[in-house]
Amino acid sequence: MFRSLRERNYRYYASGQVVSLTGTWMQRAAQDWLVLELSGGSPAALGVAVALQFAPTLLLTLWAGVIADRFDKRRMLVATQSALGACGLVLGLLDVTGVVLLWHVYLLCFVLGCFAAVDAPVRQSFVVEMVGSQQLTNAVALNSMTFNLARIVGPAIAGVLITAIGTGWVFLLNGLSSVAVVAGLALMDASALHRAKPPPKERGQLRAGLRYVRGRPDLLVVMVLVFFVGTFGMNFESSFAVIARNVFGREADGYGLLITMLAVGTLTGASLAARRSGRGVPRLRLMLLGAGVFGVLEAVAALMPTYELFAASLVPVGIAVMTFTTSANATVQLAVEPTMRGRVMGLYMLLFLGGKPLGGLASGWVAEVLGPRWPILLGGLASLAAALGGVAVLAWRRRTGLPESKG
């Protein structure tokens, strides 16, 4: 289950990520709460913040994938992680000094989003360099476990700290936590990395990556499904803040508990994925099943009448969404040529995160017009519809005699 940790470089990376990601989730919870406080509880304002944070993905992620295929990923990650930490420090200083305004938060959401857009495809494609292709599926699952362990601890800590000392100190702590991941990257043995030979410098490398995906129907199914689930189904944080505050009348600690309950499920799902990773390559069928079950469970959760039932329903939602995301990520990385991995993962992250501005704005608008529960309900139904569409495509391929690559 933990065999990727035998790799020294991956141990350094994972250790730093535990600390840094805990800080990241603390900041996400505090940022949402700060926006609600500054805007008088407006879901639309929270939707704007989400949109600004993820909008740079649309502009930068594909090009970041090209760069990831050509340059030293470890050095690039040192730079991006340092910049992300600096954004937390600036927002924290503005907040603790009492001068923070809503437009300050919006601006820093956009700046942070720019660095995150570059960081994401580089970080995703760097995993295989640390552990090699044989351990990739296990490492992806362990990354998800790390991410969701932080997702449990971070919001819970943030909920307590926001109530006790305010949001500003949470931002400052997140800025300091980036030191851990930068230190882990700096301590790595660069000679032990499994680096692929970079492609030659030439024009049209981005277009070549897009043509490569277009010629792979199995990858196209994954990419389309990732877009729909990531855009409409996974707007948890902004929706949970509104539901906790406006539906159930809870404070910041109640919002943090909702994220924690979801993370209990996602951590469980990641643990199951790590155990399954020794049984061979992930399959498209498992990914489609995870997406479909997630859609059903999310729609059911939206209808829960009490805070306690809503919180409890998030555990199976988390298990299902993690089954989908880990199988989708590993399927893509194992299915591509090493020289194309950065560009393909750039497209993957663009579709996974790039729809967040649309999803964030739509979620805020729907919550304003129809009510806070509707973004969760409609997101679940959209995810289910996308999964059923993927099943239909695979069935058509089977009837026409086309091979089910990696499926």
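Arg123 comes out as partly exposed, at 22% relative accessibility (buried is under 20%, exposed over 50%, partly exposed in between, with a 1.4 Å probe and protein chains only). The model is a predicted one, where local features need pLDDT of at least 70 and side-chain atom pairs count only at pLDDT 80 or more, while totals for chains, interfaces and linings use all residues. Numbering runs from 1 along each chain as its sequence is written, and side-chain values use heavy atoms, leaving out hydrogens and water.

Arg123 pairs up with Asp119 in a salt bridge at 2.7 Å, N to O (a side-chain nitrogen of Lys or Arg within 4 Å of a carboxyl oxygen of Asp or Glu). The two sit four residues apart in helix α5, so about one helical turn separates them (helices are DSSP runs of H or I, at least four residues, numbered from the N terminus). Asp119 itself is buried, at 2%.

Four salt bridges turn up in total. Another of them joins Glu129 to Lys73 at 2.9 Å; Glu129 belongs to α5 and Lys73 to α4, so this pair ties together parts 56 residues apart in sequence. Both ends are tucked away: Glu129 is buried at 7%, and Lys73 is buried at 9%.

Arg75 is exposed at 62%, whereas Asp72 is partly exposed at 23%.
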